[in-house]
Amino acid sequence: MLPDGSLADRVALITGGGTGLGRAMALELGRLGAKVAVVGRRREPLAETVAQLHGEGFAAPADVRDPDAVAAAFDETEAALGPVTTLVNNAAGNFLVRAQELSPNGWRAVVGIVLDGTFHCSRELGRRVIERGDGNAQIVNIVASYAWTGGPGTVHSAAAKAGVVNLTRTLAVEWAQHGIRVNAIAPGPVDTEETRERLWPTEEIRERLLRRIPLHRFGTEEDVAHACAYLVSDYAGYVTGDVLTIDGGAWLEQGMFV
Ligand code: COA
């Protein structure tokens, strides 16, 4: 565990910070001393997260698909908390659907949130940090191992997250000279209210999934929040362009002989 105060000089903006993983990461970064702004479409969960934060916080309602709204959220955050040093691109949309039944609008909704949203927010952070010229900034993108294995039943999300993995590596190289580190986290099956509802709604699906996780448990929000804190901190000062997989070994489990 990182020492208290390790992130005291960070101002973090976390998209999708009102619920689930985003909220867990917001609370963990806040616990370690960061000032935290949460961005999302719905005001109420954002305000609830801010109320639970350890230190200073701010709620900036915005849809990450809208670049003007993203710029406004950065402006408001910076007026309230100071220059943003740290961005966590966590906002996502996902639902199980067969590709042939996915409407163009459904495709656009998910790719718009995951890929376009990550770009809009990253560009906003990058532009500001480069203009300030003071270095030491970090971006953490939340992806999933199906970005490289493929994800039957979630073609929209899998394709978008594959794009985000590439964006992570591209920006890591392009922006290293400006002191911006860019990494990603690929969580495996993390058990949250939303994933239970959307992705493993039945006991049968849950059991099937568990059998294929070598560590034989679902991930927790804390597993991911701790990894995020590490990547944002100076402990990861030489880490950029990487994807940290936190999935109990799930994506490596091919199970041919044992
Ligand atoms: N199955 C099939 N299609 C679906 C769907 C589902 N479960 N949920 C939404 N869609 C389709 C809609 O039908 C619509 O397409 P249509 O106009 O052709 O009918 C399209 O997706 C957009 O839906 P809408 O609800 O208008 O979009 P939105 O921008 O408000 O919502 C979503 C975005 C679809 C991603 C929504 O699920 C969402 O907001 N999710 C946020 C939380 C989340 O998904 N987190 C992931 C945790 S695992």
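A polar contact is a pair of N or O atoms within 3.5 Å; within protein, one atom must be able to donate a hydrogen and the other to accept it, and residues adjacent in sequence count only if both atoms are side-chain atoms. The legends below concern a predicted model, in which local features need a pLDDT of at least 70, side-chain atom pairs count only at pLDDT 80 or more, and totals for chains, interfaces and linings use all residues. Residues are numbered from 1 along each chain as its sequence is written, and side-chain values use heavy atoms, with hydrogens and water left out.

**Figure 1. A polar contact between Ser157 and Tyr146.** The side chains of Ser157 and Tyr146 are joined by a polar contact of 2.6 Å. Ser157 belongs to helix α6, residues 155-175. Helices (H or I, at least four residues) and strands (E, at least two) are DSSP runs, numbered from the N terminus. Ser157 has a relative accessibility of 1% and therefore counts as buried. Buried means under 20% relative accessible area, exposed means over 50%, and partly exposed lies in between, with a 1.4 Å probe and protein chains only.

Figure 2. Ile139 lies in strand β5 and, at 1% relative accessibility, counts as buried. From C-alpha to C-alpha, Ile139 and Gly126 are 9.3 Å apart in space, and they are 13 residues apart in sequence.

**Figure 3. The surroundings of the ligand.** The ligand is surrounded by 13 residues, and the closest are Arg41, Arg65, Asn94, Ser103 and Asn105. A residue is near a molecule if one of its heavy atoms lies within 4 Å of it. A polar side-chain atom of Ser103 lies 2.6 Å from an oxygen atom of the ligand, and a polar side-chain atom of Asn105 lies 2.8 Å from an oxygen atom of the ligand. For Asn94, a backbone N or O atom lies 2.9 Å from an oxygen atom of the ligand. Taken alone, the ligand exposes 920 Å², and the protein buries 57% of that; accessible areas come from the Shrake-Rupley method with a 1.4 Å probe, and for residues only the protein chains shown count as cover.

**Figure 4. The make-up of the shell around the ligand.** The shell holds four nonpolar, five polar and four charged residues. Ala, Val, Leu, Ile, Met, Phe, Trp, Tyr, Cys and Pro count as nonpolar, Asp, Glu, Lys and Arg as charged, and the others, Gly among them, as polar. Helices α4 and α7 each supply at least two residues of this shell, and α4 gives the most, with three residues.

Figure 5. pLDDT is the predictor's confidence in each residue, from 0 to 100. The chain averages a pLDDT of 96, and 100% of the residues score at least 70. Thr195 has its place in helix α7 and is buried, with a relative accessible area of 17%. The side chain of Thr195 reaches the backbone nitrogen of Thr192 at 2.8 Å.

**Figure 6. Positive phi values at Asn136 and His216.** Most residues other than glycine have a negative phi. Asn136, although not a glycine, has a positive phi of about 45°. Asn136 is located in the loop between α4 (104-132) and β5 and is partly exposed, with a relative accessible area of 36%. His216 has a positive phi near 50°. His216 lies in the loop between α8 (203-211) and α9 (221-232) and is exposed, with a relative accessible area of 51%.
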